[in-house]
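Me: I would like to go through a structure with you. Please keep the answers plain.

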Amino acid sequence: MNRVVHPIEQESFRRLRARLDTSHFAPLSRAVVERVIHSAADLEYATDLVLDEGELTKAHTALHAGAPVVVDVEMVAAGITRRETVCRLKDATSGPGLTRSAHAIRLAYEEVGPGALWVIGCAPTALEELLTLDASPALVIGLPVGFVGAAESKAALRESGLPAVSNVSEKGGSAVAAAALNALLYTPLSSPASPSEEKQ
């Protein structure tokens, strides 16, 4: 079922495209890039994001087939309005060498097992923990924000070879991580070739 897109959102995307040519991106990559930029009003994401169309296509299929979506914090969950998500932060505890965010990732993996989509927009330690697990993810959206560990954890994600959406700089956050997942959710399985026509 297609979303009904509010006129303000339509105008926002029109202005975005007037300021930035995204036509060279492959369809799902374009959807992710545009929605992330839209969420942050930051055109620099067009060159900061690192993604792969083939990986996005497989993740898109898994997502629409019902693969679980795991988030690191409730702020990310709040931004994903068309899908139930798993967030175990409230059940997690910190300990020596283990942050609460990292423990939450362990708990989530115990719940969902392999094949999930992981959306990490806050804690670099959550992403670092995920990389220690044999999670076999459908996709890792790794966009944590911060001056301590964020860029490094995203670099480690890229080096891991896991299917991923990440960015090079320290910026990121819950809104942009949710936006990247929403781009895949909002693009119907039947027509990934036309994300810009509505499926914002």
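This is a predicted model: local features need pLDDT of at least 70, side-chain atom pairs count only at pLDDT 80 or more; totals for chains, interfaces and linings use all residues.

Me: How many helices and strands does the protein have?
Reply: There are nine helices and five strands in the protein. In sequence order the pattern reads α-α-α-β-α-β-α-α-β-α-β-α-β-α.

Me: What radius of gyration does the protein have, and what would a compact globule have?
Reply: The radius of gyration is 16 Å, and a compact globule of 200 residues would have one near 16 Å, so the two agree. Along the principal axes, the C-alpha atoms fill a box of roughly 50 × 35 × 30 Å.

Me: And what share of the residues counts as buried?
Reply: Of the 200 residues, 50% count as buried. The protein exposes about 9200 Å², and carbon and sulfur atoms supply 55% of that area.

Me: What share of the contacts comes from residues 24 or more positions apart?
Reply: Such residues account for 59% of the contacts with a separation of 6 or more.

Me: How many positive and negative side chains are there?
Reply: The protein has 18 positive and 24 negative side chains. The centres of these two sets lie 6 Å apart.

Me: Let us turn to the sheet. In which order do the strands lie?
Reply: The five strands form an open sheet in the order β1-β5-β4-β3-β2, with mixed pairing. Its edge strands are β1 and β2 (69-71), each of which pairs on one side only.

Me: What does "pair" rest on, in general?
Reply: Strands of a sheet pair through backbone hydrogen bonds, and they do so either parallel or antiparallel.

Me: How many bridges join β3 to β4?
Reply: Four bridges join strand β3 (residues 117-120) to β4, and these two strands run parallel. Across this pair, W118 stands opposite V140, V119 stands opposite I141, and I120 stands opposite G142.

Me: Are the residues of β3 buried or exposed?
Reply: L117 and V119 point one way from β3, W118 and I120 point the other way, and all are buried.

Me: Next, a helix. Which residues of α7 are buried?
Reply: The buried residues of α7 are P124, A126, L127, E129 and L130.

Me: What do they pack against?
Reply: The buried residues of α7 pack against α6 (100-112), β3, β4 and α8 (150-160).

Me: Why would residues three or four places apart in an α-helix point the same way?
Reply: An α-helix has 3.6 residues a turn, so residues with that spacing point the same way.

Me: Changing topic: where is L51?
Reply: L51 is in the loop between β1 (49-50) and α4 (53-64). Its relative accessible area is 23%, so L51 is partly exposed; buried would mean under 20%.

Me: What does L51 touch, leaving aside neighbours within four places in sequence?
Reply: L51 is in contact with S29, V32, V33, L56, A164 and V165.

Me: Which residues have a positive phi without being glycine?
Reply: A41 has a positive phi of about 50 degrees and is not a glycine. S136, also a residue other than glycine, has a positive phi near 40 degrees.

Me: Where are they?
Reply: A41 is in the loop between α2 (27-40) and α3 (45-48). S136 is in the loop between α7 (124-132) and β4.

Me: And how accessible are A41 and S136?
Reply: A41 has 72% relative accessibility and therefore counts as exposed. S136 has 44% and so counts as partly exposed.

Notes. Residues are numbered from 1 along each chain as its sequence is written. Side-chain values use heavy atoms; hydrogens and water are left out. The radius of gyration is taken over C-alpha atoms; the globule rule is 2.2 Å times the number of residues to the power 0.38. Buried means under 20% relative accessible area, exposed over 50%, partly exposed in between (1.4 Å probe, protein chains only). Contact means heavy atoms within 4.5 Å. Accessible areas come from the Shrake-Rupley method with a 1.4 Å probe; for residues, only the protein chains shown count as cover. Lys and Arg count as positive and Asp and Glu as negative; His and the chain ends are not counted. The place of a charge is taken as NZ of Lys, CZ of Arg, CG of Asp or CD of Glu. Two strands pair if DSSP finds at least two bridges between them.
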